[in-house]
Amino acid sequence: MYAVDSSLIVSDSTKNLTDTTRNQFKETTGQDTIKMKNESGIETVVTILANDSSWREVKKNILHLFGGAKVKYEDFELSADYIRLDQNTNVLFARGIIDHNEKYIGRPVVIMPGESPIAVDSLLYNYKTRIPKTYGVMTEVDGGFIQAREVKRNIYDEMSLYQGLYSTCDLPYPHTHFGIQITKGLVAKNQIIAGPSYLVVQNIPIKFLIIPFGFFPKQDKKSSGFLFPSFGEDASRGFAMRDIGWYLTFNDYWDTELRGSLYSKGSWEASVRTQYMVNYKYNGGFNLRYAWTLMGVEGTEDYGPRKDFNVTWNHTQRQEANPGTSFSASVNFGTSSYMQNTGANGTYSYDQLIQNNMSSSIAYGKVFADGKVNFTSNLSHRQDINTGKVDLELPSFSLNVSTFNPFKSKNSIDEKWYERITVGYSLQGRNSISTGDSTLFSKESLSKFSNGFQHSIPISLNLNAFKYFQFNTSVNYTERWYLQTTRNRLENTVEGFETVRDTVQGFARAYDYSISTGLSTKVYGHFKKKIGNIQEMRHVITPSVNLNYRPDFSDPMYGFYRDYVDQNGALTSYSIFQEGIYGSPSAGKSMGIGFSVDNNLEAKIKSKNDTSESGIKKVPILQGLTFSGNYNVAADSMKLSNISFSGRTTIFNEKINLNFNGSFDPYSLDEEGRRINRYAIKDGNLARLTNFGLSFDYSFNPNANKSRSGNIDSLRNSMPNMTKEQADALARISTDPNAFVDFNIPWNLNGSFSFQYSKTGLTSSITSTVNVSGDVNVTPKWKIQFNSGYDFRAQEVSLTRFSIYRDLHCWDMSFSWVPFGQYQSYNVTIRAKASVLQDLKLTKQNTHYVY
């Protein structure tokens, strides 16, 4: 259809040169230059080059170039396997050749002034008029490709084309699966004027939908227009037409999408998404979504609509916009059932369907006094989707002063011990409420805000002692200001005596302080005896001990605690600040000894494949193995606290990072599972293990993680000011076959394992899960992805999904299948890769999603 004219093709660069005319030719080699007159009559230098050979017809003044020929004339550049230059007519002709495999190769590639390179089958170019005529053209236009039998450019920089095809495929016809056939057309600066046009699918012309003529805008900026919907089927809501709408662009810095979805059983959804940007200052966007969903069986009491909404807003301020000041927003709130009732807005995204909470944050910060004072404020929201509980901070703020040395002399040469005393200060304030999402805006809930302020002043001193020890001492003073306190009293009700808690309005202050002094050092151990490939082992122990003291702030002299007789007739002490947002000063005197031991063990191993000194490498065996606890001398019983431990290590040549933690209880239990003041060692046990956790993950193909990280970093660098929604999409990119499929990685397999054990009394609980995910290239164009797992406690398989991806060059095809479980479903999608046709897609979807 777009083959070059047969009269312009020769099969070899030398077959048309006969011996009888050899005296008319002059053989030349290498690079040469000739002088030609342009349209103004001024001589211009033309640079020519032929990798194979070049011949000049002296009588006709024609130059022939063969094999990788190149010509440069002012801003015009051309390369082809054959170029003919006629100096009499100033006309240049270029084409490819047919090789011994009967394939047309060496097509001309031409660069016009101010344009991208264009590949053609053949070309005629007049140097005087500068009007080219091309045959078999292929060029890119706004993400699509135009192929045409003939294209001619006029003096007004307009192109007229004959027998053209517009498609999203960058390969020559007939590889194109989908396109628009344009019989005749004119490509101007701001528009394309087309004659009779019709759709071509798989080389089948659909002429009954022919368009007699058309005018299409060709703009270099965004424009408003129709948003094509997608179609599918939902088991509960019926057939669907999703995301039909209109795109509005107001200027280069602000645009809006209005979308809606309709379902055959009566449900509908609507959304407004807006994005904005001010260069070098800020950017962001918000999305308002509302859903009216019919649920239940018609004719029953449960049948009726469910009204849900969801609001997201993201805002990012660039640092250079206002140095020293920051402002950001990440808002996501709405009804807790929105994602479940709408199937994650019709996307059935499993990450959104299984999420347990929503959170929001709007933050403002400013730095004062050359960075020494930092102020931050925050409005935040956290919503538990399962329980409907909402926690609001309206607002919270903090003012922090960097630590300074109040006694340090500016002119001191020998630093005195007291000059190393440091002092800091911080002020925090909060105004919060916890309530249900259904009663959030009621008058009763709004009256239950809890607020307060907290001042903290840490004073510390660090010195070197006895050459090998580090001495530290600190005093921490904390003061809290509240606008309400509580009073407990006993009230006689119909059901008997009950404890009633009253709130007393008015300013009240509470304070506490503590003192701590300690020593720490490091002990190094070396084991240099060679054991196999182990050349040396090194053990670093960091022990520390401290003395700490805190008074009993429940003493009546402070006035922080009061007594009342409870419903059992017992005299009970309580804190009047027990409902305070920053808590209450602790009851009970504490005077203890704290201790901790940190261990790091590593080995130097000789490589089997390297006998040189450089073949020795360090391998960590144990990292951060820490034991810590406290002994309270002032306590009347059970003075020793639980002993906690944690650590990490690597195995299999540092390919698996293994983390573990837990705690030991040094006291025994009675027959009912209660702790008693008796050390477990007296019963034959060193201590009781009360909890233990272990987790690790492993990738069997490290190159897959490197490739994925590299691609994600590339995308992140191309969008330095991405919103939270974009960042979340980027985090999910590896699980979406339509978003990211790397055929350069032939296979990948990831595994992770987590284990948790706890036993606080006589009963114990164990949770353990394993997850497996991966992908494999079946062929260079087919990839299969999967993820699954198993919960050993629930004894069931976790969410399992299989995805098949097929690369159709200029199209994508994917198939996703959840074979069992609550979200059992399948989805088939075929869509064009070109960004200008992202709304052009064919989707077949079926789901057994249960509301």
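**Reading charged pairs**

Mentor: Aspartate 502 is partly exposed, because its relative accessibility is 27%. Buried means under 20% relative accessible area, exposed over 50%, and partly exposed in between (1.4 Å probe, protein chains only). This is a predicted model: local features need pLDDT of at least 70, side-chain atom pairs count only at pLDDT 80 or more, and totals for chains, interfaces and linings use all residues. Residues are numbered from 1 along each chain as its sequence is written, and side-chain values use heavy atoms, with hydrogens and water left out.

Trainee: With which residue does aspartate 502 form a salt bridge?

Mentor: A salt bridge is a side-chain nitrogen of Lys or Arg within 4 Å of a carboxyl oxygen of Asp or Glu. Here the partner of aspartate 502 is arginine 489, with the closest N and O atoms 2.5 Å apart. Arginine 489 is partly exposed, at 35%.

Trainee: How many salt bridges does a search of the whole structure find?

Mentor: The search finds 19. One of them joins the side chains of glutamate 393 and arginine 430 (2.6 Å, N to O).

Trainee: Is glutamate 393 buried or exposed?

Mentor: Glutamate 393 counts as buried because its relative accessibility is 15%. Arginine 430 is partly exposed, at 29%.

Trainee: Which residues are linked with Glu257 in a network of salt bridges?

Mentor: Arg259 and Arg273 are linked with Glu257. Glutamate 257 counts as buried, at 17% relative accessibility.
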